[in-house]
Amino acid sequence: MTIDQIALLPTYVAAATAVLVLLADLVAPGRLGAVVGTTAFGMVATAGTAIGVGLGLGDAGRRTAFCVGPDQCSLVADPAAAAVGAAFAILALGAVALSLPVLRTGEVPVGEYCFLLACSLTGAVVLGGARDLITLIVALETLTLPLYLLVGIRRGATAGASAAVTFFVVSVVSTAVALLGAALVYTATGGVHLADIARADLAVPELRPLLKVGMVLLLAGLAFKVAAVPAHAWAPATYDGAPLPVAAYLSTASKLGGVVALLLVGVLAGGPVLATSGLTLAVLAVLSMTVGNLVALRQRRMVRLLAWSSVAQAGYVLAPLGALLATGGRTTEAVALAVAATVAYALFYVILEFSAFAAVVAVRGSADGGEIADYRGLARRSPWLTAVLVIALTGLAGLPPGLAGLFAKVAVVRSLLGGDAAWLAIVVAINAVIGLAYYIRVVASLFSGSAEPATVTAVTAATAATTAGAPATPPAPATTTTTATAPAIAAVMAPGAAPVRAGWPVAAAVGVAAVLAVLVGLAPQGVLELAAFFTP
């Protein structure tokens with residue numbers, strides 16, 4: 001067995017970050033700056049190492065580890081794996097920045113929080129280079145397992161505990177389904193490496209139905225990670241019950257991890273049964289788009305609306321791969337176009353979704369997401385945060401001012417038309433129109449009159465004056481109104497705690513997310529070219 005240690009460097013750095021966080025919390029217990037600084041440094045180092053390994057691959061274009069044959073490697077370091085590792089590290093770093101308000105209140109233990117986030121990052125880094133079913137599922141579960149605890153980590157929050165249990169139960173069932181599918185695939189092909197499965201010669205005709213059933217179960221189980229129907233019920237309650245920074249990381253990192261896993265299994269390992277993979281993913285896409293958009297129309301809470309919209313967005317992400325069910329969608333060119341469209345849409349979604357959550361954190365501080373009505377009149381109180389929310393929400397809807405969302409949906413439709421799946425392109429177009437209703441409703445509320453006194457919480461927005469030293473006002477009881485005349489971010493405090501301000505890390509996270517959203521909106525073609533690294 002050959003092991004290239006350089007290929008494992010990003011994994012080593014991510015795992016070392018988790019260990020260093022534990023040591024920092026042991027040496028300086030309760031010292032927020034020491035623990036968060038160690039976590040941030042480790043995540044920056046992980047991203048830098050992943051990029052460095054990707055740039056230093058040389059003429060071969062890849063490094064391998066745990067190989068038992070020429071194409072039988074459990075871990076591969078290539079440009080795609082490097083990009084995935086760096087993307088996850090940046091998302092985790094952004095989640096740490098957004099976590100400062102809730103960590104300052106003392107409601108969340110900082111050491112445990114940062115340790116769990118670093119553990120999740122370790123699994124995510126391995127996922128990008130996984131090339132066998134065992135490594136893939138273990139990496140995906142390592143990414144997900146810490147999130148169960150992070151969702152319910154807030155002290156005394158019954159909603160968070162309930163959300164964590166919901167998340168855990170649905171995840172266990174989905175993982176069991178995926179493992180059953182993997183077992184059936186192994187039984188039919190005799191291999192667990194993706195390359196072996198893709199070129200499996202099924203000399204025994206009776207094994208082909210077994211392989212098809214195994215692939216369907218495996219893909220359905222993995223679809224849980226992207227919150228695709230029918231494994232979607234956990235998302236709204238989990239997002240709404242979790243601390244906002246955890247919801248931001250969960251809605252982006254988990255979805256990105258699920259997309260990577262589905263691409264690896266559905267495309268790289270789907271050789272003999274690509275049509276089965278395509279049919280499964282097409283059904284998941286249609287159900288996710290339709291159910292997500294229809295239920296989102298009735299939502300009144302901001303985070304629940306983002307959760308249901310993320311279910312619909314999962315459908316758009318999976319739609320290009322549905323073209324594999326048609327003969328024209330299984331040609332080399334059509335598969336490359338479908339994979340590029342899926343990756344590009346996933347990247348657009350991650351940037352825009354994280355921007356939306358970052359703006360919500362800046363508005364709400366350490367509180368929950370609140371009602372949509374609480375954001376009424378935000379344009380007058382904080383124009384720049386309103387601009388970030390508008391860019392993110394209109395981008396997810398596929399509307400200007402940015403071109404990212406529109407370009408992403410056009411790329412999806414183009415890939416479907418190129419793969420002889422025009423009917424699925426029509427479903428995408430219809431659902432995109434349905435989705436406009438709730439996105440426009442939220443954007444319109446930002447510019448309407450002030451929120452009703454009974455529903456406004458003790459949180460107001462805008463980070464500019466916070467960084468200039470504007471004092472935070474202690475929150476009033478939850479049933480009273482607190483109107484911000486000065487642009488400062490106030491946060492709900494734990495009982496007896498000092499006033500908490502979001503501070504410059506949240507401002508930096510919002511600013512970086514907004515800049516990225518604007519950049520991909522102005523030059524979306526660059527994201528599609530980056531997605532070419534992922535084509536098989």
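The model is predicted.

**Stop 1: helix H1**

Select residues 9-27, which form helix H1. From first C-alpha to last, this 19-residue helix reaches 26 Å, close to the 27 Å expected at 1.5 Å a residue. Now colour its buried residues: Pro10, Thr11, Ala14, Thr17, Ala18, Val21 and Ala24. They sit on the same side of H1, because they cover an arc of only 160 degrees around the axis. An α-helix has 3.6 residues a turn, so residues three or four places apart point the same way.

Turn to the face of H1 that looks away from the buried side, and select Leu26 and Val27; both are exposed.

**Stop 2: the largest cavity**

Rolling a probe the size of a water molecule over the atoms shows where empty space is left. The structure holds 6 cavities of 30 Å³ or more, and the largest has about 120 Å³ of space. To find this cavity, select Ala7, Pro10, Ala77, Ala81 and Val125, which of its 16 lining residues lie nearest the centre. Pro10 is already coloured as one of the buried residues of H1.

Next show the elements around the largest cavity: H1, H2, strand E3 (72-77), helix H3 (79-98) and H5 each give its lining at least two residues. Coloured by class, that lining comes out as 11 nonpolar, 4 polar and 1 charged residues.

**Stop 3: the second largest cavity**

Move on to the second largest cavity, with a volume of about 60 Å³. Select Ile137, Leu140, Glu141, Ser174, Thr175, Ala178, Gly221, Leu222 and Lys225, which line this cavity. Two or more lining residues come from each of helix H6 (133-151), helix H7 (158-189) and helix H9 (207-222). By class, the lining has 4 nonpolar, 3 polar and 2 charged residues.

**Stop 4: Ser99**

Finish at Ser99, in the loop between H3 and helix H4 (100-104).

How values were computed:
Residues numbered from 1 in each chain as written. Predicted model: local features only at pLDDT ≥ 70, side-chain atom pairs only at ≥ 80, totals over all residues. Heavy atoms only, no water. Helix = DSSP H or I, 4+ residues; strand = E, 2+ residues; numbered from the N terminus. Expected span 1.5 Å × (residues − 1). Buried < 20%, exposed > 50% of the residue type's maximum accessible area, 1.4 Å probe, protein only. Arc of directions from axis to C-beta. 1 Å grid on protein atoms, 1.4 Å probe; cavity = no way out; pocket = protein on both sides within 12 Å on 5 of 7 lines; lining within 4 Å. Points joined across faces, edges and corners; volume = space filled by probe spheres on them. Nonpolar A, V, L, I, M, F, W, Y, C, P; charged D, E, K, R; others polar.
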